[in-house]
Amino acid sequence: MSPRVVATVDLGAIRHNLHQIRARAPRAKVMAAVKADAYGHGAVPVARTLVEAGVDALAVACMEEALVLRRAHIGGQIALLEGILSPEEAAMAVYEQLDVVLHDHWQIDLLHALGPTAQVRVWFKLDTGMHRLGFPVEDVPRLQRALTEHPRWQFAGWITHLACADDPDDPFTPQQLARFSEALQGVPGPRSIANSAGLLGWPQTHVDWVRPGLALYGASPITTLPAERLGLKPAMAVASRLIAVRCFNAGETLGYGRHYTCPERMPVGVVAIGYADGLPRAVSSRAEVAIDGQRLPLAGRVSMDMITIDLRSMPNARVGSTVQIWGPGLPAEHLAEAANTIVYELFCGLTQRVQFQHRNG
Ligand SMILES: Cc1ncc(COP(=O)(O)O)c(C=O)c1O
């Protein structure tokens, strides 16, 4: 049985992208975001590759994601970006030696309740304007006191997160940077600011630690700076197959809602991928796929299991041909734009029906 939709993840590309990231921020340590199943690329193989390539730390959203990695015997620093949510998670963080990113005083209390002998590595997240998670910057002196009260806690550093770094001209980023550095003036401890957009577009955010996610997977969050120009390699290629080739006369319509009308007699391909695989329905008649490098437009609605494509520029395409949905030479960013979404959502949206293959591990 051959799979319908295959996502091939090139772990060599992830190593390459880590190398590029290090070259861009040579003095910073790298905390690699592998949350959300490594942005849909497979948390365990990606994390293993990064650890073997010498990444300084991994970051996940929550305890469940960290435990997946620990159970796969992935050692080293793993940070919980949302911190701990219960007394059980506090104890588990200590037991599993996870870095806890604390964003509120009730989380400090959860660790405090473990008693004076608990050893844990903590980060403090400051809210400099994202207004999602983080202590108000005015709390810095209080946080410093919490550290002196808990001498067994190892302090990892101060974190903040940027709201608008994907726009290289947005004045909010310098404002956030100013708030962060003012709040921490004269305060010891490593600093971490940059996500991928900061890393790629704002060198002043690099400081002690960078926290890239998307760039590791070979995509760019900045529309004016495409990944290829930044020297990043897309790590994921998604492909399906042609399962039918038909020919229709001018005026005949394709698929649900008769969304596409054939302008002339034309060959039409049916490809075995649909929104149940993670291809957004919003790209109906708006995106391109490719066969042997030749780009072919979608013609008609994306349905649950299939799309129809215009084969006029490739009339001899055959059933069984591989159809590239995104990957090297066909950036996922273009498809995301056609779907009016971001590439993060495309990567995370692939469903269990897609078969994953990891290469160059
Ligand atoms: C706190 C934090 N740091 C770093 C990242 C990585 O971001 P990106 O994938 O844009 O590099 C994220 C992702 O959302 C995050 O929430």
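Which residues come nearest to the ligand? Of the 13 residues around the ligand, these are Lys35, Tyr39, Ser196, Gly213 and Tyr344, where a residue is near if one of its heavy atoms lies within 4 Å. The model is predicted: local features need pLDDT of at least 70, side-chain atom pairs count only at pLDDT 80 or more, and totals for chains, interfaces and linings use all residues. Residues are numbered from 1 along each chain as its sequence is written, and side-chain values use heavy atoms, with hydrogens and water left out.

**Ligand site**

| Residue and atom | Ligand atom | Distance |
|---|---|---|
| Lys35, polar side-chain atom | oxygen | 2.8 Å |
| Tyr39, polar side-chain atom | oxygen | 2.5 Å |
| Gly213, polar backbone atom | oxygen | 2.8 Å |

On its own the ligand has 400 Å² of accessible area, of which the protein covers 91%. Accessible areas come from the Shrake-Rupley method with a 1.4 Å probe, and for residues only the protein chains shown count as cover. The shell around the ligand consists of five nonpolar, four polar and four charged residues. In this classification Ala, Val, Leu, Ile, Met, Phe, Trp, Tyr, Cys and Pro are nonpolar, Asp, Glu, Lys and Arg are charged, and the others, Gly among them, are polar.

**Overall architecture**

The protein chain contains 11 helices and 19 strands; these are DSSP runs numbered from the N terminus, helices being H or I with at least four residues and strands E with at least two. Its C-alpha atoms fill a box of roughly 80 × 45 × 35 Å along the principal axes. Of the 361 residues, 52% count as buried, a term that means under 20% relative accessible area, with exposed over 50% and partly exposed in between (1.4 Å probe, protein chains only). Among contacts (heavy atoms within 4.5 Å) with a separation of 6 or more, 64% join residues 24 or more positions apart. The protein chain exposes about 16400 Å², and carbon and sulfur atoms supply 51% of this area.

In helix α3 (residues 43-52), the buried residues are Ala43, Val44, Val46, Ala47, Thr49 and Leu50. Their cover includes α1 (11-24), β2 (29-33), α2 (35-40), β3 (57-60) and α4. Gly54 follows α3 and has a positive phi, near 90°.

Helix α6 (residues 105-112) has His105, Gln107, Ile108, Leu110 and Leu111 as its buried residues. The elements covering them include α5 (87-95), β5 (99-102), β6, β7 (135-136), α7 (140-149) and β8. An α-helix has 3.6 residues a turn, so residues three or four places apart point the same way.

Asp37 lies in helix α2 and counts as partly exposed because its relative accessibility is 43%. The backbone nitrogen of Ala43 is 2.7 Å from a polar atom of the Asp37 side chain. Apart from neighbours within four places in sequence, Asp37 is in contact with Gly42, Ala43 and Glu65. Asp37 and Val343 are 306 residues apart in sequence, and their C-alpha atoms are 15 Å apart in space.

Gln77 is placed in the loop between α4 (63-71) and β4 (78-80). This residue is buried, since its relative accessible area is 17%. Its side chain joins that of Asp99 through a polar contact of 2.7 Å. A polar contact is a pair of N or O atoms within 3.5 Å; within protein, one must be able to donate a hydrogen and the other to accept it, and residues adjacent in sequence count only if both atoms are side-chain atoms. Not counting residues up to four places away in sequence, Gln77 touches Asp56, Ala57, Leu58, Asp99, Arg121, Trp123 and Trp209.

The structure holds eight aromatic pairs. The ring centres of Trp123 and Trp209 are 5.4 Å apart with planes at 80°, so this pair is edge-to-face. Rings of Phe, Tyr and Trp (its six-membered ring) pair if their centres lie within 6.5 Å; planes under 30 degrees apart are stacked, over 60 edge-to-face, and the rest tilted. The pair links distant parts of the chain, with Trp123 in strand β6 (residues 120-127) and Trp209 in strand β10 (residues 209-210), 86 residues apart. Trp123 is buried at 0% relative accessibility, and Trp209 is buried at 6%.

The rings of Phe124 and Trp158 have centres 5.5 Å apart and planes at 45°, so they form a tilted pair. Phe124 in β6 and Trp158 in strand β8 (residues 153-159) are 34 residues apart, and both are buried. Together with Phe135 and Phe155, they form one aromatic cluster.
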